[in-house]
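Hi,

Here is the structure I promised to pass on.

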Amino acid sequence: MNISDERKRLIFSVLRLMGDDCKRCSSELRESLEVAMQCIGEVYGVDELQGHLGVSFNLQDVFNVAAAKDQGVTEAQKAEAATLKEKGNEFLRQGDFDQAVEMYTQAIAIDRTNAIFYANRAAAYMKLQQHQRVVDDCQAAIRIDPSYSKAHYRLGNAFVSLGNKVDAVSAFEKAVELDSSNVTYKESLSAIQAELSGEGGAAPGRPAAAAAGGMPNLGGMDFSAMMSNPNFMNMAANLVNTPGFANMAASMMSGGGQGGGGFMQTAQQIAEQMQETNPGLLEQVRQMGNDAGGAGSGSGQSGDGGAGSDTL
């Protein structure tokens, strides 16, 4: 039997799903499952050791999304899920990330076809530093809506935190391709590309200026000049009162500790927190960076750094 590579990848996913079940069942059922897996593998010429056939998503998740689309979701169910999402948004704004995850999870259980629910839960997981779950949820959102630029952007951030810079570049590139006017996407892409190319001799995960012992220049903003600006310092005083800022700042000062991308990732999280709690503050900081440092971002657009109004 001539078996295409696509079919082999599907069979490999089936075997992986069965393998996961083997870890949770009784010894008697496990033996039966192992025999079944061996028979299937021999027929199709596939076994669990052929890792190159693996895919980044779970077969059960794919089925759940397809089944939900086939069955349809009633308007009443959509309304209930939307209410749960709004509760999750409020918990996220308050800094109660565990409760935010719970609300988004309940919304997903009702309506698995809404990419926003997965992307918002990914934002909450990002705050909890559960980066592999961020990857899983962003990929689920992208499967539902491949044109969802924010999901690609958050996927890139998660890859940065996991130390996977190559995949981070791909994710950021896709985000920029889908929303070429977004300044934040472009800056994130440029920053990780600079890290990969080793520009400025910066240590992995830290901008060149920080590696040299000076103030970091993130996204073209000269923080050395900005720190001497009294208007910026007033805004900074407001920023430190935002939920979760202290933990993120402590992470930045310690280098992040997140697989080489921690410093940049923490800076992005702080920008995201600013966008969520005070939508105008991030743009003011950008503009002040332009005034103080002369570099700026070029377009003056604050962009879509995280859980913005179109998804929250």
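This is a predicted model: local features need pLDDT of at least 70, side-chain atom pairs count only at pLDDT 80 or more; totals for chains, interfaces and linings use all residues.

The overall picture: the chain has 312 residues, and 44% of them are buried. Its secondary structure comes to 16 helices and two strands. If you take the contacts with a separation of 6 or more, 62% of them are between residues 24 or more positions apart.

Next, helix 7, which covers residues 131-144. From first C-alpha to last, this 14-residue helix reaches 20 Å, close to the 20 Å expected at 1.5 Å a residue. Helix 7 is largely enclosed by the rest of the structure, because 10 of its 14 residues are buried. The buried ones are H131, V134, V135, D137, C138, Q139, A140, A141, I142 and I144.

Then there is a helix pair to look at. Helix 8 (residues 149-161) packs with helix 10 (residues 183-197) at an angle of about 30 degrees, and their axes are 11 Å apart. Angles under 35 degrees count as roughly parallel, so helix 8 is roughly parallel to helix 10. The crossing of these two helices is left-handed.

Which residues in helix 8 and helix 10 meet? On the helix 8 side they are S149, K150, Y153 and V160, and on the helix 10 side T184, Y185, S188 and I192. Sorted by class, the contact of helix 8 with helix 10 has four nonpolar residues, three polar and one charged.

Cheers

Key. Residues are numbered from 1 along each chain as its sequence is written. Side-chain values use heavy atoms; hydrogens and water are left out. Axes are lines fitted to C-alpha atoms, for helices over the stretch in contact, and angles run from 0 to 180 degrees between N-to-C directions. Helices (H or I, at least four residues) and strands (E, at least two) are DSSP runs, numbered from the N terminus. Angles under 35 degrees count as roughly parallel, over 145 as roughly antiparallel, 65 to 115 as roughly perpendicular and the rest as oblique. A crossing is left-handed if the near helix is turned anticlockwise from the far one by less than a right angle, and right-handed if clockwise. Contact means heavy atoms within 4.5 Å. Ala, Val, Leu, Ile, Met, Phe, Trp, Tyr, Cys and Pro count as nonpolar, Asp, Glu, Lys and Arg as charged, and the others, Gly among them, as polar. The expected span of a helix is 1.5 Å times one less than its number of residues. Buried means under 20% relative accessible area, exposed over 50%, partly exposed in between (1.4 Å probe, protein chains only).
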